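Here is a short report on one protein model. It covers the sheet, a strand residue and a pocket.

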Amino acid sequence: MTTSLVRPPIETHPRLTDPLLPELLHPSRLLWTPRELADLTTTVATELTAGLREILRFDEDRRWWARLALTDGVELWLLSWLPGQRTKPHDHGGASGSFTVLQGELGEEYRYPGGPIRRRTHAAGEGIGFGAGRAHQVTGLGDQPAASVHAYSPPLVPTREYTTLAEVPAEIPPLPVIVGG
């Protein structure tokens, strides 16, 4: 007897039961653009707010996160940030991404390969989509806890961490091509 390693078309967080979520995930879409990812995170943050708040947790010792959904084309996450909690500088391994702030305020330092380091502040309701190669460091700002919804396409691509954003190479290597058989 063999077991199947095929993932269902859509995996969702067991406590996020709103029927809108599967409709938003388009399981036949295998590659999402930064604009499509931004639309997804914005819609999830604004339309599924009650369900997200039921899942949301804060941890004083480390940042908290939960995967909300996964298809062959996209992964969706909920992250929380206490004031001062931050990521290490990182990129998303060549995947495009997006995040929308659900509550609070986030600071972001970011850099595209070969470009300058820039800074932005993202308040509740604000989102951004970004292309492959963008590296950033995100920090919880202010004195209130923050939360954000993130999406990446293609999914399950490992991030690359840096000591500083100045270390981001002038060219990001392309995603590996996986040949099935």
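## Sheet

Leu-70 has Glu-75 in S3 as its bridge partner. The model is predicted. Strand S2 spans residues 64–70 and strand S3 spans residues 75–81. The two run antiparallel, joined by 6 bridges.

They belong to an open sheet of 6 strands. The order is S1-S2-S3-S10-S5-S8, with antiparallel pairing. Strand S1 (11–12) and strand S8 (127–130) are the edge strands, each pairing on one side only. Helix H2 (residues 34–47) packs on this sheet. Helix H2 touches S3, strand S5 (96–103), S8 and strand S10 (146–153). The direction of H2 makes about 20 degrees with that of S5.

## Ser-96

Ser-96 lies in strand S5. Is Ser-96 buried or exposed? Its relative accessible area is 12%, so Ser-96 counts as buried, the cut-off being under 20%.

## Largest pocket

The largest pocket has a volume of about 520 Å³. It is lined by 21 residues. Of these, Arg-63, His-90, His-92, Tyr-152 and Thr-159 are the closest to its centre.

Which elements give two or more residues to the lining? They are S3, strand S9 (135–140) and S10. S3 gives the most, with 4 residues. By type, the lining divides into 10 nonpolar, 6 polar and 5 charged residues.

Conventions: Residues are numbered from 1 along each chain as its sequence is written. This is a predicted model: local features need pLDDT of at least 70, side-chain atom pairs count only at pLDDT 80 or more; totals for chains, interfaces and linings use all residues. Side-chain values use heavy atoms; hydrogens and water are left out. Two strands pair if DSSP finds at least two bridges between them. Contact means heavy atoms within 4.5 Å. Axes are lines fitted to C-alpha atoms, for helices over the stretch in contact, and angles run from 0 to 180 degrees between N-to-C directions. Buried means under 20% relative accessible area, exposed over 50%, partly exposed in between (1.4 Å probe, protein chains only). On a 1 Å grid over the protein atoms alone, a cavity is a set of points where a 1.4 Å probe fits but cannot get out, and a pocket is an open set with protein on both sides within 12 Å along at least five of seven lines; lining residues have an atom within 4 Å of a point. Grid points are joined across faces, edges and corners, and a volume is the space filled by probe spheres set on the points. Ala, Val, Leu, Ile, Met, Phe, Trp, Tyr, Cys and Pro count as nonpolar, Asp, Glu, Lys and Arg as charged, and the others, Gly among them, as polar.
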